[in-house]
Amino acid sequence: MLEIVFFYIAATVALIATVMAMTRANAIHALIYLIVSLLAVAVIFFLIGAPFAAALEIVIYAGAIMVLFVFVIMMLNLGEKGDKQERQWLKPGIWAGPAVLSVILLVELLVVISDVNGPVSVSAVSAKEVGLSLFGPYVLAVEISAMLLLAGLVGSFHLGRRYLERDHIEKGSSQ
Amino acid sequence: MDGLNIPLNHILLVSSLLFAIGMLGLMIRRNIIFILMSLEVMLNAAALAFVAAGARWGQPDGQVVFMLILTVAAAEVAVGLGLVLQVQKRFKTLDMDHANRMQG
Amino acid sequence: MSDTIWLIPLIPFLSSVALMLFGSRLKITHIGVLGVASVGISALLTLVLAVEFMQNQQEIQASLWTWMEVAGFAPGISFYFDGLTLVMMSVITGVGFLIHLFSTEFMEKDPSYARYFAYLNMFVAAMLILVMADNLLLLYLGWEGVGVCSYLLVGFWYQHNANGHAARKAFIVTRIGDTAMALGLLLLFTELGTLDIQAMVGAANQTWQIGDSIPLVACLLIVCGAVGKSAQLPLHTWLPDAMAGPTPVSALIHAATMVTAGVYLIARTHGLFLLAPTAMTVVAVIGIATSLMAAFTALMQTDIKRILAYSTISQIGYMFLALGVGAWSAGIFHLMTHAFFKALLFLGSGAIIHCLHHEHNIFKMGGLRTRMPVTFWSFMIGSAALAALPMTSGFFSKDQILLQAYQLPDLGPSLWMAGLLGALLTAIYSFRLVFVVFFGQANTEPDKDTGWRMAVPLSVLCFLAMIGGYFMIPVAEVFPASDGSHPAHWVEYVSISVPLVGLLIAYLVFFNRRLNVDGLANSTVGKSLGNFWLSGWGIDWLYDHLFVRPYYGLANLLKSEPVDGIYGLIVALNQTFNHWLSAAQTGRMRWYLASMVAGLIILITLAANLSTGVLQ
């Protein structure tokens, strides 16, 4: 059916976009590709009947987290020098070892998932069901994740504070 | 949408590929921003696997876990980018190979 | 008196302790008075005891307290007094008193005056305990005590390294003998169950027959101890070096008392030795061999004290010979007369050294006959007694020994002839000393003469050396009686005349120079023989190469503590592994990431294996 083709198209886009994201020298370029990848994954979520997950993916992941990345990159103000440095670091020779490890892992994963079978998306899981589940059996998880977010908030506030206080005096000095 | 019948192992295949690509990027890049980005890719791949598994059985548990993963990713990115700022301030560079004082 | 016998060793002991504690604060005269008077009082008490003993002939056993009580072993601090003890005590306190008096002048200018008298008094106390002891354990206490005091006194002038070396040598060599003796005591206790001397001898006679092996072993071990303390072959090497101590110390310790402790021990345990005739033969052979060896060595020495030291070794060899042939009374008699004339000779040499500003070489002295008359007559009389010229005390005692040696079956005549050779040599070297030092040209002038504190002891000892031969020592009850037979008269005549021949030879060679032995002495054989004798028959050299050098080599090898090296190896191993493993801690994040991925791969392999059995 056509929707299955959509799935394969979205999967291809996600893969290509991720590969491009990993290999760019400019940070903003890489981020844009990453956002594309995330959007493709959101499409996949839609297709397998998880609309709530798709919405969250777009809004939070692509919308908040990636934007946070962009802000920090802009704040760091790397410029042309940063691009040149990245290109220098990203020589072809260094792909060898990690590629081997990744390929081995990939092969293992494929072996493990090879005997998993069964079709997906017999029926969609609506947001309402997810909501009921969250405030039902998983309410503790919600509380804990709230605490986690608090910890993240406090941590990032503390870590970022000094930078802002001092650095804005030295703004414009070379990095 | 109902009744699409996408085979589960195809989705898991996509998830594994994304994970492997993310891991590759993680091991190769020296700039810390890119390392964090690779982490996001890996988390996303895991989330995809969870949601796919939840959709296979038609239960909301997969999406609940997806939300938890999202929470973790958000907190981690926040703190991680704070660390990036500190690294930039102290080492005047974003090269992760410079931060080797835990050597030996 | 029997209940105050313990005062005799106690008074010198207390005096010694007092001098050690307060000696630095007392005046010189007070120290001298305290030191001399304590021994003097002991001498007086001994005299009282002697008079009592002569009257009623009663042995005294005075038990003070039980030293320890463990598993049936209960030695006590108890004293036993009989004729033998009386002889020894008289010698110790009497000669000791005279030597203490001599020391007050000899050591007058020494800064450690109090320390000297403290040690000397302690020595007298320990020696008295040794001879008065009722059981062998208490005797061993006294034995060790005199060993320690000997060490302290030989190394008295410790500021010079050589003196400390000599003191250590004395202590270590005697220690070897002491260890053997301790083994002998342990053996005796294990076999007989007691160490009380009288009880032990009785038990020994009941347990063993003559010629059994266990009493032989025990006696030989005791002989080892005696050999060490009395400086006989092979443990004699310490005595010539011990002359590094002050001369009165040499007189007291290394002539009259400590070196006779071995003789006393064998005499005291004679009951045990009678059960092991082989041991007695060994004693006799050791005695005569040492005697000859020391006599040859004394002939070549040039240091006045070393001549006298080797002479002491030689004379104690005679005492051992006497004990070995069963002439117990003769041995003890010779011990007493030897104490008189040897102390006399040593004190005389002390006077010479004192007045010739510490000159020791006899060939640098000369012509002292006119300059130091008292010393001259002391030496004449002392040497005459030493050489056993007729009618001197030494004559009576040595003669008795030689005659009784002759009477021993099988070995007797050979021992007697060897003894005669020794007597000849004794006469030669003693009169060599006299002629070289007192006659002829004066190479060194004395800068002072002897005061009364030196002259009086010398005179008293001269008197004793002359008439001492007429003493009848009261040891008849102690020892088994000899069988009263006499050898043929020609034996006696030869024994009497040999020392005179020696005197003649010495006169011709060293006084008149009529008999010229220079040709003989300077020939190659003569020179090598002379050097061989001079070095004490090479025994020091032998011990040095056989024991001392390997020991030092071993000590140097172990100096770097090789056994610790095992622990060092563990440490080194740990460090090597640490070095290798810490190479994995590069500090770089990408390395850690890669290693995490590798670990992840392994985990997933294991998990896959569990679920799907892929690796099987």
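Is C:F79 buried or exposed, judged by its C-beta neighbours inside 10 Å? In this predicted model, C:F79 counts as buried because 23 C-beta neighbours lie inside 10 Å, where 20 or more are required for that class. The residue belongs to strand 2 of chain C, which covers residues 76-81. When neighbours within four places in sequence are left aside, the contacts of C:F79 are C:I5, C:W6, C:A62, C:M132, C:A133 and C:D134.

Contacts between chains were examined next. Between chain A and chain B, 74 residues of chain A are in contact with 64 residues of chain B. On the side of chain B that touches chain A, the elements giving two or more residues are strand 1 (6-7), helix 1 (8-28), helix 2 (32-57) and helix 3 (61-91) of chain B, and helix 3 of chain B gives the most, with 23 residues. By residue class, this side of chain B comprises 42 nonpolar, 15 polar and 7 charged residues.

The contact between chain A and chain C takes 9 residues from chain A and 10 residues from chain C. On the side of chain A that touches chain C, the residues divide into 6 that are nonpolar, 1 that is polar and 2 that are charged.

Key:
Residues are numbered from 1 along each chain as its sequence is written. Chains are lettered from A and ligands numbered from 1 in the order in which they are written. This is a predicted model: local features need pLDDT of at least 70, side-chain atom pairs count only at pLDDT 80 or more; totals for chains, interfaces and linings use all residues. Two residues are in contact if their C-beta atoms, placed from the backbone, lie within 7 Å. Helices (H or I, at least four residues) and strands (E, at least two) are DSSP runs, numbered from the N terminus. Ala, Val, Leu, Ile, Met, Phe, Trp, Tyr, Cys and Pro count as nonpolar, Asp, Glu, Lys and Arg as charged, and the others, Gly among them, as polar. A residue is buried if 20 or more other C-beta atoms lie within 10 Å of its own, exposed if 12 or fewer, and partly exposed in between; C-beta atoms are placed from the backbone.
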